[in-house]
Amino acid sequence: MKSRFFFCLLLAGGLLLSTSGSSAYAGREGKPREQQLEKAMLQQLYPVIRSSLQDIYRETYPAFGCERMVSINERTTMAEDYQQASPVDAMHGASYFEITVGLCKESGEKIELRFKNDTPTAQYYLDLFHVR
């Protein structure tokens with residue numbers, strides 16, 4: 001009876017340790033959740049950031065650093081009552097996002113890129129940029 005109790009106790013303890021120790025929540029490594037979310041979003045935006053910088057600077061391999069999210073804004077498109085909209089596009093009252101990313105070039109200049117995803121594929125594209 002005692003061995004069965006200890007076995008159940010060990011099993012329960014092992015389950016508790018395994019669920020709390022392997023939890024995939026942001027902040028586990030000492031970084032706040034917001035920093036990890038920012039890093040994940042920048043990683044997803046990397047291809048469009050790179051191609052935008054290639055177009056702006058006419059460089060094959062643009063070098064940049066100190067990337068950060070400046071702002072994220074949720075927008076809603078204007079609804080038009082007289083037209084039928086497809087449920088997959090950002091038209092007629094659907095939500096889309098504008099994301100502004102700040103970067104530093106090796107030359108020391110700073111640039112802000114604003115991306116939108118209001119297209120039928122919801123892919124981000126460069127909408128506007130400012131060089132400072």
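Start by selecting E98 and R75: their side chains are joined by a polar contact of 3.2 Å. (A polar contact is a pair of N or O atoms within 3.5 Å; within protein, one must be able to donate a hydrogen and the other to accept it, and residues adjacent in sequence count only if both atoms are side-chain atoms.)

Before you click further, some housekeeping. This is a predicted model, where local features need pLDDT of at least 70 and side-chain atom pairs count only at pLDDT 80 or more, while totals for chains, interfaces and linings use all residues. Numbering starts from 1 along each chain as its sequence is written, and side-chain values use heavy atoms, with hydrogens and water left out.

**Stop 1: around E98**

Stay on E98, which is found in strand β2 (residues 95-105). Strands here are DSSP runs of E with at least two residues, helices are runs of H or I with at least four, and both are numbered from the N terminus. E98 is buried at a relative accessible area of 8%. For that label, buried means under 20%, exposed over 50% and partly exposed in between, with a 1.4 Å probe and protein chains only. Now show its surroundings: beyond the neighbours within four places in sequence, E98 is in contact with S71, I72, N73, R75, R114, F115 and K116. A contact means heavy atoms within 4.5 Å.

Next, pick Y96, also found in strand β2. Buried or exposed? Y96 counts as buried, at 10% relative accessibility.

**Stop 2: E112**

Hop over to E112 in strand β3. E112 is buried too, with a relative accessible area of 18%. Its side chain makes a polar contact of 3.5 Å with the side chain of R132. Leave out residues up to four places away in sequence and E112 touches R68, V70, T100, V101, G102, L128, F129, H130 and R132.

**Stop 3: a lysine over a ring**

Select K105 and Y57. The charged end of K105 sits over the ring of Y57, 4.5 Å from its centre. The criterion is NZ of Lys or CZ of Arg within 6 Å of the ring centre and within 35 degrees of the ring normal.

**Stop 4: two positive phi angles**

R58 is in the loop between α2 (33-57) and β1 (64-76). Check its backbone: phi is positive, about 55°, although R58 is not a glycine. R58 counts as exposed, at 70% relative accessibility. Then go to C66, found in strand β1. C66 is not a glycine either, yet has a positive phi of about 45°. With a relative accessible area of 45%, C66 is partly exposed.

**Stop 5: zoom out and colour by pLDDT**

The chain has two helices and four strands, running α-α-β-β-β-β from the N terminus on. Of its 132 residues, 20% count as buried. Residues 24 or more positions apart account for 42% of the contacts with a separation of 6 or more.

Now colour by pLDDT, the predictor's confidence in each residue from 0 to 100. The chain averages 77, and 65% of the residues score at least 70. Finish on residues 1-27, where pLDDT stays under 50 and the model has seven contacts beyond four places in sequence. Where pLDDT is low, the predicted coordinates should not be read in detail.
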